[in-house]
Amino acid sequence: MTMCSAAYVQAGSDLAQRYADAIGAYCLNRDESALVKAYDMAREALQNDLSLADFGTMHHAALSAILLHCDDGSKAVDAAEEFFLEGIAVYDMALRGYRTNVSRLQAEIAERRRVEEQLRDITLDLERQRDSLDSQVQLRTAEIRERARELEQSNAMLIHANREQADFTYALSHDLKTPINTIEMYLQTLLEDFADIIDDDAIELIGIASDTAVRMKKLIDDVLEYSRVVEHSFNAEPVDLNRLVPEIISDMQAAIVDAEATVLPSELPTVRGNPFQLRVLFTNLLTNALKFRNECQRPEIRISARDRRSGAATSITVADNGIGIRSDQRGHIFDLFKRLHTFDEYHGSGIGLALCKRVADNHGTEIQVTSEEGSGSSFSIILETCEDIQ
């Protein structure tokens, strides 16, 4: 007899019945959209602390019931295997850890963008052929519609996986911070309670360990912020940069004063976008300008706007007089976790500019950089304007 965990006994009965109903329906009609239920129930099982063995027990029980009332056992086993593999994919993500899942999330998003581009191409093709009654065109239209249906199903599964991945990253980031906080507490206790019996070398090592814990928490926070921006979909709305940018400068006042910097925003337009993501963009650009300052002169940061020739968009630039970027490094500054300096030189996780690029991508534009080593840097992004907004 298979032994079940306490979590399975407590939460598994209702879930087991729903699992049996879902896998039975899938074995009967093979509707691929039903595979989403495998994801949902595996995720629910994981949230209820059911182990992989518990999940397997639940699947085995459901399959045994199906085989008792099935004429073609081999087909039922094949279908059940497909359903089970979709479910254990959730456990696979949990076992491999958040770094692997961040990479997987990037690949899934890239696939989603590719699918969306294909859908747009197919839609345009359908519009061009709509008025034609030619039989060959009608046949081609039918084929395209079938392909569009398949792509829409794939896109729905990718959106679902994207949402699940963001939830997973958030939960994992929270769980990782708990032991780090405990480590910090123990290190502080060592310093406070045993300072009179440990030597200077030990105190220095404890300080290094404490600094490392702080860096780990910052990295977890940055990964969580990146997952939020990646997952965050929005409908564009008017964003008054004359209000948003001063708010950001006010929030960063302590860092600006500490760096003895001057931040000079010019008259800025109202643009179409997402307030949260644009706040992330300008906060990270200002943070970079303050961090990579030239110690030989007072930092000066200018935020300006220049209308495009079309009149429907504007180029927003954040320029500084900092240390600049070497020409051979400019192609890598927007890569995730890419650092151009050691942590001892400049603190950071290498996520800030990757976030800026993601915000630009989400707004259908790109971010450009012009820089010379020792002569400062300028980051520019083109955004749609709202000229009629008062």
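On the cut-offs, buried means under 20% relative accessible area, exposed means over 50%, and partly exposed is what falls in between, using a 1.4 Å probe and protein chains only.

Before I go on, a word on where the values come from. The model is predicted, so local features need a pLDDT of at least 70, side-chain atom pairs count only at pLDDT 80 or more, and totals for chains, interfaces and linings use all residues. Residues are numbered from 1 along each chain as its sequence is written, and side-chain values use heavy atoms, with hydrogens and water left out.

Back to Phe194. You'll find it in the loop between helix H6 (135-193) and H7. Helices here are DSSP runs of H or I with at least four residues, strands are E runs with at least two, and both are numbered from the N terminus. Together with Leu190 and Ile197, Phe194 makes a nonpolar surface patch of about 280 Å². To be in a patch, a residue needs over 30% relative accessible area and no salt bridge; like charges are joined within 9 Å, and nonpolar side chains (Val, Leu, Ile, Met, Phe, Trp, Tyr) within 5 Å. The areas come from the Shrake-Rupley method with a 1.4 Å probe, and for residues only the protein chains shown count as cover.

Asp199, Asp200, Asp201 and Glu204 form a negative surface patch. For the bookkeeping, Lys and Arg count as positive, Asp and Glu as negative, and His and the chain ends are not counted. Each charge is placed at NZ of Lys, CZ of Arg, CG of Asp or CD of Glu. Is Glu204 buried or exposed? It counts as exposed, because its relative accessibility is 52%. Glu204 sits in helix H7, residues 200-231.

Now salt bridges. Side chains of opposite charge can pair when their charged atoms come close. The cut-off here is a side-chain nitrogen of Lys or Arg within 4 Å of a carboxyl oxygen of Asp or Glu. How many salt bridges does that rule give? The count comes to 9.

Let me show you a few. Glu111 and Arg114 meet in one, at 2.5 Å from N to O. These two are 3 residues apart in helix H5 (residues 98-129), so about one helical turn separates them.

Another pair is Asp361 and Lys357, with 3.2 Å from N to O. Both lie in helix H11 (residues 352-362), 4 residues apart, about one turn of the helix.

Which two helices hold Glu247 and Arg279? First the contact: their side chains meet in a salt bridge at 2.7 Å, N to O. Glu247 is in helix H8 and Arg279 in helix H10 (residues 275-291), so the pair ties together parts that are 32 residues apart in sequence. Glu247 is partly exposed, at 36%, and Arg279 is partly exposed as well, at 27%.

While we're in H8, have a look at Leu241, which belongs to that helix (residues 241-251). Leu241 has 0% relative accessibility, so it counts as buried. From Leu241 to Pro269 is 28 residues in sequence, but 6.0 Å in space, C-alpha to C-alpha.

There's also a network of salt bridges, linking Asp14, Arg18 and Glu44.

On to helix H2. The expected span of a helix is 1.5 Å times one less than its number of residues. H2 has 13 residues, so it should span 18 Å, and its end C-alpha atoms are 19 Å apart, which agrees. Buried residues in H2 include Leu35, Tyr39 and Met41.

Most residues other than glycine have a negative phi. Asp49 isn't a glycine, yet its phi is positive, about 65°. Asp49 counts as exposed, at 60% relative accessibility. Glu260 also has a positive phi, near 55°, and lies in the loop between helix H9 (253-258) and strand E2 (262-265).

Last stop, helix H3, residues 52-68. Its 17 residues reach 25 Å from first C-alpha to last, close to the 24 Å expected. Among its buried residues are Phe55, Met58, His59, Leu63 and Ile66. Thanks, that's my tour.
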